Amino acid sequence: MESTVLKINEFGAAFGDHVVLNNINLSITHNNITAIMGPSGCGKTTLIRCINRMHELEPGARVWGKIYLLEEDIYAMHPIILRRKIGMVFQKPNPFPTMSIYDNTIAGFKLNGIKLPRAERDGIVEESLRKAALWNEVKDNLHRKGTFLSGGQQQRLCIARALAMDPDILLLDEPTSALDPKSTSHIEELLVELKKIETILLVTHNIAQAGRVSDYTAFLYVGELVEFGQTQKLFTVPEDTRTEEYLSGKFG
Amino acid sequence: MRFQKTPHISFRIFKDHFFMIAIIILSVIASFPLLFILFHIFSHGFSSINWEFLMRLPKPVGEAGGGIINAIVGTVLLIIFSCIVALPPGIIAGIYLSENKEGRLSYFLSLSVEVLQSIPSIVIGIIVYVWVVRPFKHFSLLAGSVALGIMMLPVIVKTTEETLKLIPNYLKEASLALGVPYYRTILRVVVPAGLSGIITGILIAIARIAGETAPLLFTAFGNPFMNANPLKPVDSLPLAIFNYAKSPFPEWHALAWGASLVLIIMVLGLNLITRLVTKKWKVRF
Ligand SMILES: Nc1ncnc2c1ncn2[C@@H]1O[C@H](COP(=O)(O)OP(=O)(O)OP(=O)(O)O)[C@@H](O)[C@H]1O
Ligand SMILES: [Mg+2]
């Protein structure tokens with residue numbers, strides 16, 4: 001039996017009167033990649049932003065139901081503590097433009113004012129960049145600005161920045177949708193490698209990507225969790241006709 | 001042929017050239033005032049400028065020589081003190097406005113900043129006279145700085161606000177997602193990303209007040225001696241120009257031209273630095 005890292009229970013979300021998610025139940029298990037797929041506007045981004053409580057930045061956002069991170073109710077935690085335990089990678093690569101590659105990697109500590117001895121910092125930077133498969137490309141240019149890297153490298157830098165905090169779970173919101181095919185497959189390989197040490201929740205509207213990298217897949221459709229199960233099973237013998245139609249490209 | 005009715009192509013080319021030349025001529029005409037002013041001030045002021053002029057205090061009427069060091073130091077002090085007065089509230093208000101686009105305080109704040117900008121500088125001088133000069137019973141560097149600081153405020157608030165509004169939201173989110181508290185995110189991510197714009201705004205504001213005379217008449221007042229005491233009157237370049245220029249003595253008129261040249265060089269220098277800052281420190285997103 002695999003241990004549960006994140007448990008979502010009868011969860012829902014709305015912006016004002018507009019209900020975006022309803023009755024979501026989902027368990028994310030340790031050292032797996034779970035993909036959330038679904039057509040545009042179905043609420044994928046909203047769901048993962050609720051997991052690290054970034055939705056609280058939007059005026060009018062409300063949520064109900066429960067989410068547990070390692071059995072702890074996330075809405076009972078302080079958002080700052082919660083966000084340090086959850087890594088997030090956004091759709092558009094967003095390294096800090098004023099910081100070097102080195103400082104970007106260690107930004108979670110630096111910006112939080114956590115002082116580390118030099119050797120420890122160097123260690124975390126190298127380890128995180130290695131985990132993000134970026135070390136070899138940047139090790140001689142650690143003090144150049146992160147924004148000089150290519151899009152794919154920037155996205156891997158953002159992954160390294162999240163990994164440096166040693167998160168309990170890594171959330172990625174369509175991390176490859178702004179990248180070219182080569183960078184995309186590079187990141188997909190990286191994710192598969194990463195799941196040995198991380199639990200990953202990947203949002204994608206690319207069906208093939210969900211099929212290639214994930215162990216479990218959730219299919220979200222207009223705010224409803226239509227189907228959730230092992231990727232292989234869901235892709236070959238979907239239970240719901242809507243899943244079948246989505247997979248065969250009838251909509252989305 | 002479909003094009004038969006259109007004018008001959010050479011006529012079009014002629015028209016094209018005509019407008020081109022007209023545009024160039026008009027653009028050159030637009031730069032005439034600046035060129036004439038610069039020429040005039042250089043030709044009149046250049047002969048007054050020498051080491052003694054820049055490094056000595058003024059001499060009494062009738063004595064030859066004398067300089068404007070008191071006015072140069074005074075202007076520099078006024079700029080420093082008005083920055084101390086205006087930068088903290090100006091930058092904070094700018095940050096607040098960029099972060100809170102709606103809400104009553106924002107509405108009130110941007111309205112008052114706009115209205116403040118349109119208040120004549122002499123009126124600001126009189127108000128500061130009542131607020132600061134009277135209670136302290138002295139014209140002073142402090143009073144002058146408050147008056148100039150009030151004049152800087154709208155520029156600082158507006159440029160800070162406009163600059164920070166352009167910082168992409170995803171940078172803020174990247175920081176918040178790392179568990180960085182909101183105020184630290186603003187100070188360590190958003191403001192640094194907009195720093196060149198904020199500094200540009202400060203330099204523009206300084207260039208704007210460096211030549212102000214009216215608000216200083218009732219506040220800093222002018223002083224023929226060197227002064228760095230915030231509670232005593234202080235001279236400034238525009239005040240010195242004003243006082244020398246309205247005097248009946250030709251030697252003092254020469255001093256006024258020389259001081260004008262120094263002031264113009266200062267302001268041009270500021271503009272140059274501003275350009276360099278915007279170019280060099282531009283943050284690439
Ligand atoms: N800040 C907001 N305020 C109001 N409504 C919002 C807000 N953010 C999202 N929504 C609405 O919530 C719904 C779900 O949006 P969401 O961004 O979660 O979809 P998505 O599945 O991520 O889509 P995409 O594939 O296009 O990224 C949409 O109908 C959207 O209009
Ligand atoms: Mg989305």
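Here are some notes on the two chains of this predicted model, taking overall shape before individual side chains.

1. Chain A, fold and shape. Along the principal axes, the C-alpha trace spans about 55 × 40 × 35 Å.

2. Chain B, fold and shape.

3. Burial and contacts. In chain A, 54% of the 252 residues count as buried; in chain B, buried residues make up 43% of 285. If you look at contacts between residues at least 6 apart in sequence, 68% of those in chain A join residues at least 24 apart. For chain B, residues 24 or more positions apart account for 73% of the contacts with a separation of 6 or more.

4. Surface make-up. Chain B exposes about 16,100 Å², and carbon and sulfur atoms supply 73% of that area. Chain A exposes about 11,100 Å², with 49% coming from carbon and sulfur.

5. Charges. Chain B carries 23 positive and 12 negative side chains, and the centres of the two sets lie 7 Å apart. Chain A has 28 positive and 31 negative charges, whose mean positions are 7 Å apart. Over all chains, the salt bridge count comes to 22.

6. A salt bridge between helices in chain A. A:Arg212 pairs with A:Glu188, and the closest N and O atoms are 2.7 Å apart. A:Arg212 sits in helix α9 (residues 207–213) and A:Glu188 in helix α8 (residues 181–194), so the pair ties together parts that are 24 residues apart in sequence. A:Glu188 is at 7% relative accessibility, so it counts as buried.

7. Another pair in chain A. A:Asp240 forms a salt bridge with A:Arg242, with 3.2 Å between the closest N and O atoms. At 26% relative accessibility, A:Arg242 counts as partly exposed.

8. Which parts of the chain does the B:Glu114 and B:Lys158 pair link? B:Glu114 is in helix α4 (residues 104–117) and B:Lys158 is in helix α6 (residues 141–165), distant parts of the chain 44 residues apart. The closest N and O atoms of B:Glu114 and B:Lys158 are 3.9 Å apart, against a salt bridge cut-off of 4 Å. Both ends are partly exposed: B:Glu114 has 45% relative accessibility, and B:Lys158 has 21%.

9. A buried arginine. Is A:Arg53 buried or exposed? Its relative accessible area is 9%, so A:Arg53 is buried. A:Arg53 lies in the loop between α1 (44–51) and β4 (61–69) of chain A. Leaving out residues up to four places away in sequence, A:Arg53 touches A:Ile74, A:Tyr75, A:Met77, A:His78, A:Pro79, A:Leu82 and A:Arg83.

Conventions. Residues are numbered from 1 along each chain as its sequence is written. Chains are lettered from A and ligands numbered from 1 in the order in which they are written. This is a predicted model: local features need pLDDT of at least 70, side-chain atom pairs count only at pLDDT 80 or more; totals for chains, interfaces and linings use all residues. Side-chain values use heavy atoms; hydrogens and water are left out. Buried means under 20% relative accessible area, exposed over 50%, partly exposed in between (1.4 Å probe, protein chains only). Contact means heavy atoms within 4.5 Å. Accessible areas come from the Shrake-Rupley method with a 1.4 Å probe; for residues, only the protein chains shown count as cover. Lys and Arg count as positive and Asp and Glu as negative; His and the chain ends are not counted. The place of a charge is taken as NZ of Lys, CZ of Arg, CG of Asp or CD of Glu. A salt bridge is a side-chain nitrogen of Lys or Arg within 4 Å of a carboxyl oxygen of Asp or Glu. Helices (H or I, at least four residues) and strands (E, at least two) are DSSP runs, numbered from the N terminus.
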